[in-house]
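Here are some notes to read beside the model. Keep the structure open and find each residue as you go.

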Amino acid sequence: QVQLVESGGGLVQPGGSLRLSCAASGSVFSIASMDWYRQAPGKERELVAPVTRGRFTISRDLAKNTVYLQMNGLKPEDTAVYYCSARTCNGPGLCRDYWGQGTQVTVSS
């Protein structure tokens, strides 16, 4: 069992920056990877990195079991709930994904 807690969301003006954090706890020894997703109203959840064109940077601190999302040059279309994910593996074909509760990012003037 893995628990994920996101933090750092909020309201920011276009062009601004935010840094999101995701802390993992529980069976962290089994975590194979962590990543960031987002979901805007009426849209499907999507992996953040491929759709933000280099404006966002993901970093990981394995010692702290934490992954970060540095968000620069924010645009209104970045408004979404941002979710942290963790994949745990206990052997080949025995992997599962966990999700945090999400943190709201709103980009507006």
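1. Start with Thr88. In this predicted model, Thr88 is buried, with a relative accessible area of 1%. Thr88 belongs to strand β8. Leaving out residues up to four places away in sequence, Thr88 touches Val2, Ser30, Ile31, Ala32, Leu94, Cys95, Arg96 and Tyr98.

2. Now look at Ala86. Ala86 also lies in strand β8. Its relative accessibility is 1%, and Ala86 counts as buried. Setting aside neighbours within four places in sequence, the contacts of Ala86 are Val2, Leu4, Ile31, Ser33, Met34, Arg96, Asp97 and Tyr98. For a sense of distance, take Tyr37. Ala86 and Tyr37 are 49 residues apart in sequence. In space they are 11 Å apart, C-alpha to C-alpha.

3. How many of the 10 residues of β8 are buried? Seven are, so β8 is largely enclosed by the rest of the structure.

4. Next, the partners of β8. β4 pairs with β8 in the antiparallel sense, over eight bridges. Here Gln39 stands opposite Val81 in β8. β10 pairs with β8 too, antiparallel, over three bridges. Ala80 has Val105 in β10 as its bridge partner. Then comes β9, residues 95–99, which runs antiparallel to β8 and is joined to it by five bridges. Ser85 has Trp99 in β9 as its bridge partner.

5. Check the turn between β8 and β9. These two strands form a hairpin with five residues between them. Gly91 sits in the turn and has a positive phi of about 140°. Compare Asn65, which has a positive phi of about 55° although it is not a glycine. Asn65 lies in the loop between β6 and β7. Its relative accessibility is 25%, and Asn65 counts as partly exposed.

6. Move to the open sheet. It has four strands in the order β1-β3-β7-β6, with antiparallel pairing. Which strands stand at the edges? They are β1 and β6 (56–61). Each has a single partner strand, so one side of each is left without a neighbour in the sheet. The twist averages 15° from one strand to the next.

7. Go through the pairs at both ends of that sheet. β1 and β3 are antiparallel, with six bridges. Val5 has Ala23 in β3 as its bridge partner. β6 and β7 also run antiparallel, and six bridges join them. Phe56 stands opposite Met71 in β7.

8. Then find the core. The largest nonpolar core has 23 residues. Which of its members touch the most other members? They are Leu4, Met34, Trp36, Leu69, Met71 and Tyr82. Two or more core residues come from each of β1 (2–7), β3 (18–26), β4 (31–39), β7 (66–71), β8 (80–89) and β10 (103–107).

9. Take Met71 as an example from the core. Leaving aside neighbours within four places in sequence, Met71 is in contact with Gly16, Ser17, Leu18, Leu20, Arg55, Phe56, Tyr82 and Val105. Two of these names have come up already: Phe56 stands opposite Met71, and Tyr82 is among the core residues that touch the most other members.

10. Last, the whole protein. The secondary structure comes to zero helices and 10 strands. Of the 109 residues, 36% count as buried. Among contacts with a separation of 6 or more, 57% are between residues 24 or more positions apart. The C-alpha trace spans about 45 × 30 × 25 Å along its principal axes. A compact globule with 109 residues would have a radius of gyration near 13 Å; the protein has 14 Å, which agrees. The protein exposes about 6,100 Å², and carbon and sulfur atoms supply 51% of that area.

Notes: Residues are numbered from 1 along each chain as its sequence is written. This is a predicted model: local features need pLDDT of at least 70, side-chain atom pairs count only at pLDDT 80 or more; totals for chains, interfaces and linings use all residues. Side-chain values use heavy atoms; hydrogens and water are left out. A nonpolar core is a set of buried Ala, Val, Leu, Ile, Met, Phe, Trp, Tyr and Cys residues joined through side-chain atoms within 4.5 Å. Buried means under 20% relative accessible area, exposed over 50%, partly exposed in between (1.4 Å probe, protein chains only). Contact means heavy atoms within 4.5 Å. Two strands pair if DSSP finds at least two bridges between them. Axes are lines fitted to C-alpha atoms, for helices over the stretch in contact, and angles run from 0 to 180 degrees between N-to-C directions. The radius of gyration is taken over C-alpha atoms; the globule rule is 2.2 Å times the number of residues to the power 0.38. Accessible areas come from the Shrake-Rupley method with a 1.4 Å probe; for residues, only the protein chains shown count as cover.
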